Amino acid sequence: MQDFIWLVPLLPLLGVIINTIRGTLAVRQRHTAAHVGDHGHADHGHHDHHNAARIPGWIASAMVIGAFVLTLATFFSLLGQPARTAAGENGRFFDVTYWSWMAVGNFSVPFGFLIDQLSIVMMLLVTGVGSLIHIYAIGYMSHDQRPTRFFVYLNLFIVAMLMLVMGNNFLMLFLGWEGVGLCSFLLIGFWFEQRDPPWASTKAFVVNRIGDFGLLMAMFAIWTLTRDVQGNPLHSLMFREVLAEQHVQTLQFTQTAFLGSQYTAAGAIALMLLLGVTGKSAQIPLFVWLPDAMAGPTPVSALIHAATMVTAGVYLIIRTHAIFQLSPSVMNFAAGLGAATAFVAATIAIGQYDIKKVLAFSTVSQLGYMVAAVAMGGYVAGLFHLLTHGIFKALLFLGSGAVIHGFGDEQDMRKMGGLKSKMPRTFWTYLIGTLALAGIFPLAGFWSKDEIIGYAYDNDHRLLAVVLIISSMLTAFYMARQVTMVFLGEQRDTSIHAHESAPIMIWPLILLAIGAVVAGLINLPGLHSLETWLAPVLNEPVAEPAEFHLGLAGLTLVLALASGWLGYYYYSRNARRIKANERDPLYRWGGDFYTILEDKWGFDSAYDLAIVKPYKAIAGFANRIFDARIIDGIVNGAGWVVNQASRGLRVLQSGYVRSYALMFLIGVIAVLGYFVLR
Amino acid sequence: MSEISTNAYVLVSAILFTIGVIGVMTRRNAIIMFMSVELMLNSANLALIAFSRAKASTDGQIITFFVIAVAAAEVAVGLALLVSIFRAKRTTNVDDVSTLKG
Amino acid sequence: MNFTNDFGFPILSVVVLLPSVGALILAALRGKRDLARLFALGWSVLVFAASIPLLVSFNRASADMQFHEFVNWIPAWGVQYRLALDGISLWLVMLTTFMTPLAIWSAWNVEENLPAFMMLILLQETGMLGVFVAQDLFLFYVFWEFTLIPMYFLIGMWGGKRRRYATIKFFLYTFAASVFMLVGIIVLGLLNYRYLSTNGGNTNEAFNLQSLMLNLPNFGLSALSLKLLFLAFFVAFAVKVPLWPVHTWLPDAHVEAPTAGSVILAAVLLKMGAYGMIRFNVQLFPQVASEWARPIAVLAVIGIIYGAVLAFAQTDIKKLVAYSSVSHMGFIVLGIFALNPVGLGGSVLQMVNHGLSTGALFLLVGMIYERKHTRELAAYGGLWRVVPIFVFFLLFATMSSVGLPGLNGFVGEFTVMLGAFNSKLGWTITAVAAVGVILAAVYLLKMFQGVASGPLNERLNGDLLDLTRREVAILLPIFAVSLLIGLYSPYFFRAMEPSVQALSAFVSNAAPLLAGR
């Protein structure tokens, strides 16, 4: 399989190329058709258009499915190799280099892939969930004006995401990292004619760039500071070289001072990497872009902003855990950040009315769980939750997409209600996703979330465990609120005709629902298959399965059930009070506290006040006054001085020949006088 | 006949030069100014030849030829200018031709 | 003429002078518009073709000057006509011959006196090529000042409303700064002449750069005079780059220049400044360069941030791109004064990258301006629907300028910053430069979204026509090269590697500055 790994990203890339060419030709044809003025076929029929619109979708989906099959083949070929070599090192990986990407001086980076236990898991998630979402999108985008372009972007995203997880060095990871950022930008802004999407896409790109700044600095520092065993600079960005234990250790010996505190190089690098993580994985303080990113089409939210791209940060921490482990203080900080994000985002989710915004904040919250888990050292627990979350959150987003699609493109939950009978399949799959997310036994979310909380409890992060349990209660509450508001009770806005979606959209839901039920199997307590699988790449000598705390799990489950029931009870009791454009019934209880939740804790307005407005003001000042008056003023001032001086001198240039002659004479006398009197 | 001393030549040359200078400074008629300039040039020529003779060297004479040639060219250009100025302005008074100023 | 190459004729002279010959022929084509533009395009492609042998037979393993050719010009002063090129010049020569046909093709529809326009661009090409290959300081200066003249007329005759102000500012600003360099050149030439004549050297080579590099340490110049000489050169180059705070001529010149002029200005003319810094400031005064590396890098970094902030404040698309040049050129200067192979190599590549991506941006702005005759951002919006092909190319150019990995801009910026981080400039300066990368996304996306997204103004832009075949053909080569650099940069790095290595070694081995005297 090693020789064919390049086919995995190449297939979606082929999809990009084919669909681009098809799209360009179509534009050409439309142009010529418009020129010929061929209006005879104007009523060509809706049906034809729909079938034509599905072709690019099928091409794109076929490519991703192909990539999934190839990834499976790679997986089995990895499985066929011994887990550890005779020397006790990781035996299951392919490290292939294709060509030298950049090389100048002592800097050299290849274009190559590293497929090990960690990347193959991510690849399976990306291509697997990606395939289902592609198929779903065929139905979802069938009414759109530009399906071809949509699938070009979507395939391009798969390529970039694969680069991110398959790269064998930091720059390859960064190639994917920025590539998914670009695709995210394009897809959020896909409906560019509207007011919000362009703004949201710019915001997403720029906020992510702040994170990328961290990643860039981390790469510079890693390249510059890592030493080999002899103490010479290693000058490498290859994962298998830099992150090897004997090399990464050297990062502890360099110190740097910043803002009055001393950091080891490892700490500083970890902090910079963490900045990258907060950008891509939407952690405090950079999470603000993700909720706005919901302006994109729903399959995009499912694929990019729930299942895959936003988990890149978690992947990054696991990949570079060797660096993080050298700096316990940064690890603790990151864990606190993750837990805080989990809590804050969960509270905000309660205050949202947009069906997708609730899910967006839920995603932020769950990403907080993952970051907290990996930052506590629970890499397997974090990855486990990443996988299960990827499945059930994709399910929820696709379900919400089916709701939006079948409810006249309306996203306000206050107008919905009673959709259970109108779209039963959507309801049941959505319910499974909800239960999985809320962590209800025996669905996937129960196992993965419990493992994180259990890990926190085991490793003296009791406070974090408590915060995470509270967040889990909040999760159950807001999901119950959402399901109640959307599916139960009576339809509030009856002007909209609600209907079930087409089978092509329902089948992916069913498949994902099955996944949400059984995904817990991959790391069940007692079996710990994922743990065993990942052990070699995490450099843990013997896989040490986390203990399963029956009491803790039971407590979490009971609390989640209770708050879920509370949410259901409260919102079905107060169903009459929910009205379009009016505030939530909870406002009566929470008052201003509820306003804070609606206002997303004021992050956006704070940034607006502290960064955006000052930046605009400074730019305006620099443009109108500093550059024009001061810098250019000095330049023009020099010109002015010369001008004035010549105005003074021009008195001498009278135009009278005889006055020139007089000056001549005076000059001669002066010169002669000098020689005479010398 | 006794030799005329170099001093005498130089004295004549100086007198001629001074007349030239005064002519340029006091007269407004361009043609007379021209003549004064010629006077100055020729006084210089006289001095050059006088020194040349005194030093028994031909350098001064060579330079004199240069000066004569340049003066001829100068007169040609100058008179041409003067004619065109006269055509345009109907005057040879230099004070009336003062448009070229800063 | 003496020359050393395998071709049997002085190829560099041919490449440099060929455009001027074309300009002379164009002079005979006055009034024949169609013929003139066809001829100009064909001729500039011919020049490009003539420069390809340079690329092919360039010895990539050698750091030496190659394709030497010289003839004594003014032996009494020690001035020679001497051309040669190394790995650093090679790519700039290629960039020039590559961009000129595209600029000419973009000026297909110039209304007024098209033959003269084309003539000036070809003359400009000779000047720029001469700058990159001249190995004699005197000759360099001749070419250097010569480049001003065609550009002066291009802006002054085909420019926008404020072209008088812009041309005078452009000319006086750069010319005044260059005079300092002239003084420096004369001083160096005279000193070298004296040194050579007292030590029995060949005084014909007094102005030869290589001879100066060799002899300069033996002149016994004090630290102060070395620094003054360094400054004399640096001022001229800093204005050309342009480095903050002497950048204000650039936005004016760019905004008023016709599209082809802007493309040439951004793609090649600015590079002459950065090239000069490498060739003269670093090569002749390595000690001063390393002593002053930090303050200069600070200026460069200020320029990066300042250009980015100002670009964001613009509402005129062309001015926005012009300020983005200020920001991007800051990276190039930063890389040069990292003074290590990574930084220097990245810097040279970034010169090419900036030429491609900013050149493309100016081309695109010109194409849309030709249709709507406005460059105000507010007049556009939602163009994605009416002109998808234009927007595709705009996105490509924007992303290449933003520094998206996989495209050319990233390779240059990354290596420049890596070099700076690993040099004695340290991480703080690099960190500030990296902030410029964030800000680049801010202003470029503002421009892109302002043009491409949002609601479409049907009345103003509803009938906008998409790019023609000619326009696509102009842009495609740029993007092909952008992708090539983005994904396979070693091809480009390899040719300059020995030169850059040698230069960096030369700097680190340079004798320390003499104290006192």
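These questions and answers set the values of a predicted model against the definitions behind them.

Residues are numbered from 1 along each chain as its sequence is written, while chains are lettered from A and ligands numbered from 1 in the order written. Because the model is predicted, local features need pLDDT of at least 70, side-chain atom pairs count only at pLDDT 80 or more, and totals for chains, interfaces and linings use all residues.

Q: Why is A:A282 called buried?
A: A residue is buried if 20 or more other C-beta atoms lie within 10 Å of its own, exposed if 12 or fewer, and partly exposed in between, with C-beta atoms placed from the backbone. A:A282 has 32 other C-beta atoms within 10 Å, so it is buried. Its place is the loop between helix 9 (265-280) and helix 10 (289-292) of chain A.

Q: Why does B:R90 count as exposed?
A: B:R90 has 8 C-beta neighbours inside 10 Å, so it counts as exposed. B:R90 lies in the segment after helix 3 (59-89) of chain B.

Q: What makes the phi values of A:A282 and B:R90 worth a remark?
A: Most residues other than glycine have a negative phi. A:A282 has a positive phi near 55°. For B:R90 the value is positive too, about 60°.

Q: Which peptide bonds are cis at A:P442 and C:P245?
A: Most peptide bonds are trans. The bond joining A:F441 and A:P442 is cis, with omega about 0°. A:P442 sits in the loop between helix 18 (424-438) and helix 19 (444-458) of chain A. The bond from C:W244 to C:P245 is cis as well, with omega near 0°. C:P245 is in the loop between helix 9 (223-240) and helix 10 (249-256) of chain C.

Q: What makes strand 1 and strand 2 of chain A a pair?
A: Helices (H or I, at least four residues) and strands (E, at least two) are DSSP runs, numbered from the N terminus. Two strands pair if DSSP finds at least two bridges between them. Strand 1 and strand 2 of chain A have nine bridges, in the antiparallel sense. They form a hairpin with two residues between them, and A:G105 in the turn has a positive phi of about 55°. A:V104 stands opposite A:F107 in strand 2.

Q: What makes strand 2 of chain A mostly covered?
A: Eight of the nine residues of strand 2 (residues 107-115) are buried.

Q: Why is chain C called as compact as a globular protein of its length?
A: The radius of gyration is taken over C-alpha atoms, and the globule rule is 2.2 Å times the number of residues to the power 0.38. For 517 residues the rule gives 24 Å; chain C has 22 Å, close to that, so it is as compact as a globular protein of that length. Of its residues, 62% count as buried. Chain C has 22 helices and three strands.

Q: How do you know which chains touch most?
A: Two residues are in contact if their C-beta atoms, placed from the backbone, lie within 7 Å. Of the two pairs of chains that touch, A and C have the most contacts. Here 38 residues of chain A are in contact with 49 residues of chain C. Helix 6 of chain A supplies the largest share of its side, 12 residues. Between chains A and B, 10 residues of chain A are in contact with 10 of chain B. No contact joins chain B and chain C, whose closest C-alpha atoms lie 21 Å apart.
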